[in-house]
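Visitor: I have a model open and would like to learn how to read it, feature by feature. Could you walk me through it?

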Amino acid sequence: QRQLVESGGGWVQPGESLRLSCAASGLTLTYYAIGWFRQAPGKEREFVASISWNGGSTHSADDRFIISRDNAKSTLWLQMNSLKPEDTAVYYCTATTVPYIGAVVRRADTYPYWGQGTQVTVSS
């Protein structure tokens, strides 16, 4: 069974940083492009960041969010800096074998594999 598991979520104050991790079982992350999406209560799911299978290309919705990966460790991360209350959401790690080209990397339907999500809460 192919599974993605997010970790690292929690509560932080505005201006602080948080790093989310994504690990996989049942699939070799090396062969997959990875995306992070988030969904806040009452809002639509939105793109956060993505990275190609070899880490050579990345996209981010905000310069505060930095995606990276280490295929040797089969792990990837989402570094989130200068967090704001509006960043509060459930964050999902996703994976796809679709070629990492153009606008498709920002579309949720590009990614067939999703984790259960990790809650990030930013408040004072």
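Visitor: Let me begin with Cys-93: is Cys-93 buried or exposed?

Guide: The cut-off to keep in mind is that buried means under 20% relative accessible area. Cys-93 has a relative accessible area of 0%, so Cys-93 is buried. Please remember as we go that this is a predicted model.

Visitor: Which residue does Cys-93 form a disulfide with?

Guide: Look for a pair of cysteine sulfur atoms within 2.5 Å. Here the sulfur atoms of Cys-93 and Cys-22 lie 2.0 Å apart, and the two residues form a disulfide. The pair links distant parts of the chain, with Cys-22 in strand β3 (residues 18-25) and Cys-93 in strand β9, 71 residues apart. Cys-22 counts as buried too, because its relative accessibility is 0%.

Visitor: How many disulfides does the structure hold, then?

Guide: The structure holds one disulfide.

Visitor: Why is the disulfide of Cys-22 and Cys-93 called left-handed?

Guide: The thing to read is the torsion about the S-S bond. For Cys-22 and Cys-93 this torsion is about -80 degrees, so the disulfide is left-handed.

Visitor: Let us turn to rings. How many aromatic pairs are there?

Guide: The structure holds five aromatic pairs. To read the geometry of a pair, check the angle between the planes: over 60 degrees counts as edge-to-face.

Visitor: Are Tyr-32 and Tyr-113 buried or partly exposed?

Guide: One of each. Tyr-32 counts as buried because its relative accessibility is 7%, while Tyr-113, at 22% relative accessibility, counts as partly exposed.

Another of the pairs is made by Phe-37 and Tyr-111, an edge-to-face arrangement with 5.4 Å centre to centre and 70 degrees between the planes. Phe-37 lies in strand β4 and Tyr-111 in the loop between β9 and β10, so this pair ties together parts that are 74 residues apart in sequence. Both Phe-37 and Tyr-111 are buried.

Visitor: Which residues do ring pairs link into a cluster?

Guide: Follow the pairs from ring to ring. The cluster consists of Phe-37, Phe-47, Tyr-92, Tyr-111 and Trp-114.

Visitor: Which ring faces does Arg-45 lie over?

Guide: For this feature, look at the distance from the charge to the ring centre. Arg-45 lies over the face of Tyr-92 at 5.9 Å from the ring centre, and also over the face of Trp-114, at 4.4 Å from the ring centre. Tyr-92 and Trp-114 are both among the members of the cluster.

Visitor: My last topic is threonine. What does the side chain of Thr-96 reach?

Guide: Start with the place of the residue. Thr-96 is found in strand β9 (residues 89-96), and its side chain reaches the backbone nitrogen of Val-98 at 3.0 Å. With a relative accessible area of 2%, Thr-96 is buried. Leaving out residues up to four places away in sequence, Thr-96 touches several residues, including Tyr-32 and Tyr-111.

Visitor: And where is Thr-75?

Guide: Thr-75 is in strand β8 (residues 75-80). Its side chain reaches the backbone oxygen of Lys-73 at 2.9 Å. Beyond neighbours within four places in sequence, the contacts of Thr-75 are Cys-22, Leu-29, Arg-69 and Asp-70, which brings us back to the disulfide of Cys-22 and Cys-93.

Notes
Residues are numbered from 1 along each chain as its sequence is written. This is a predicted model: local features need pLDDT of at least 70, side-chain atom pairs count only at pLDDT 80 or more; totals for chains, interfaces and linings use all residues. Side-chain values use heavy atoms; hydrogens and water are left out. Helices (H or I, at least four residues) and strands (E, at least two) are DSSP runs, numbered from the N terminus. A polar contact is a pair of N or O atoms within 3.5 Å; within protein, one must be able to donate a hydrogen and the other to accept it, and residues adjacent in sequence count only if both atoms are side-chain atoms. Contact means heavy atoms within 4.5 Å. Buried means under 20% relative accessible area, exposed over 50%, partly exposed in between (1.4 Å probe, protein chains only). Rings of Phe, Tyr and Trp (its six-membered ring) pair if their centres lie within 6.5 Å; planes under 30 degrees apart count as stacked, over 60 as edge-to-face and the rest as tilted. A charge sits over a ring if NZ of Lys or CZ of Arg is within 6 Å of the ring centre and within 35 degrees of the ring normal.
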